[in-house]
Amino acid sequence: MKERTRFERLALPHLHAAHNLAFWLLRNRPDAEDVVQDAYLRAYRAFDDFAGEDIRPWLLKIVRNVAFRRLGDQKRASNVISFDAAVSDRIGGESAALQVAVEGPSAEDILIGAGEQALVRQAVAELAPIYREAIVLREMEAMSYREIADLTGVPIGTVMSRLARARAELRKTLTRIMTRDESDAM
Amino acid sequence: MQCDRAAELIGAYLDQELDADTRRDVAAHLGGCPQCAALADDQRRIGRQLSALGRTPAPEHLVADVRRRLADASAEQPLPRLLARVRGLRWLRQAAAVLFLCGLTAAATAVLMSRLAALATLEREVAAAHVRSLLQDSPMQIASSEVHTVKPWFAGRLDFAPVVKDLAAEGYPLAGARLDYIGERRVAALVYRRRLHVVNVFLWPSADVADSAPREIAHRGYNMVAWSKGGVAYWAVSDLNMAELRQLQAQL
């Protein structure tokens, strides 16, 4: 009981971070909420293993593991054959990307010119999961390369190249969307 | 520094994740290359846009959902712990099971051995009684082929009334009867003849209620057939061949 109070006091403040990561990996709210609940349960059961001072990376690591397992299950379930998980996530990803895009701005947001945000959301959603993950951890959680490397279990060099690749993709996608929108406007 | 190398490093440069030397090199390159400087600007802008997105906030009910799951989990936790503790004692249970099996086997063996020993003893006693009867002047205390003479003779000598049959018609004439002592009790001994062979049939009330099929035993040249029928144990013993002994057995 005391243990649970301690866990809640440490872990619940990071619920938004956990949800955000899960949401960007799964790209829809119901799955993200499931993943967060599962991850918190796992974290609680493994709480004895937590020895560090900062619980956030430890917690997010569990979240991303649960989320990637869920993604793998989805991939098997939809019977999409993946030659390169990093790239082929695009397949069938369009509708999910659009869903994420409409998650974004409210009517007011658009009024104040935040329609741009919807485009950015869509661009992120179109990235492959490992690039999405790198972007979320770096840009939204402001983690260092070292922290990201520990969390995702890859070398720092890989984090760096994933981020570079992700940003290049984002730039390309945003350029594409914007020029398309401009041509639509005309 | 080449442009493609710089392009690789721009992100890390903006993230301030480069060591001092590399950072200086990239900065120098950006200062002299408008194309890469534009790229850096683009990335800086995209970075700002991404940070501006902020986290996608969790719905309000999620905190409550998570807390409920945790409460459920800690409520059910004592059981797994208990199981773990019992599992920890698994070796003890296994040891107990092994000991129990050992005990069972030993007991069963003891019972079996004692029964086998008793049977072996019985065999010897029956054979001895048969031989002893032949050492006497006569194996019979009452010599009669008359069932109604022999059967009443047992009355008062035994605590049971043996079934007595004359099997002269089948080629096994009844010669008579006597009392004998086998397995620490008085038993009836019926004497039949087959040509020159003497057949002793011992019978006494059996401990086994169920009838048992005839068992053929060869003991020091004597053939024996043991069976039980109607709560009576029968032992037929003779130097007669087993086939003819079985014929007699079938009539009794």
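Me: How many residues of chain A are in contact with chain B?
Reply: This is a predicted model, in which local features need pLDDT of at least 70 and side-chain atom pairs pLDDT 80 or more, while totals for chains, interfaces and linings use all residues. Residues are numbered from 1 along each chain as its sequence is written, with chains lettered from A and ligands numbered from 1 in the order written. Contact means C-beta atoms, placed from the backbone, within 7 Å. On chain B 27 residues take part, and on chain A the number is 34.

Me: How many residues on the side of chain A that touches chain B are nonpolar?
Reply: Nonpolar covers Ala, Val, Leu, Ile, Met, Phe, Trp, Tyr, Cys and Pro; Asp, Glu, Lys and Arg are charged; the others, Gly among them, are polar. Eleven are charged and five polar. The nonpolar count is 18.

Me: What ipTM does the predictor give the complex?
Reply: The pTM is 0.55. The ipTM is 0.77.

Me: Does helix H6 of chain B lie largely in the open or largely buried, and why?
Reply: Helices are DSSP runs (H or I, at least four residues) numbered from the N terminus. Buried means 20 or more other C-beta atoms within 10 Å of a residue's own, exposed 12 or fewer, partly exposed in between; C-beta atoms are placed from the backbone. Of the 46 residues of H6(B), three are buried, so this helix lies largely in the open.

Me: Which residues of H6(B) are buried?
Reply: Their cover includes strands S2 (174–182) and S4 (197–205) of chain B; strands are DSSP E runs of at least two residues. The buried residues are B:Val126, B:Ala129 and B:His130.

Methods: Two residues are in contact if their C-beta atoms, placed from the backbone, lie within 7 Å.
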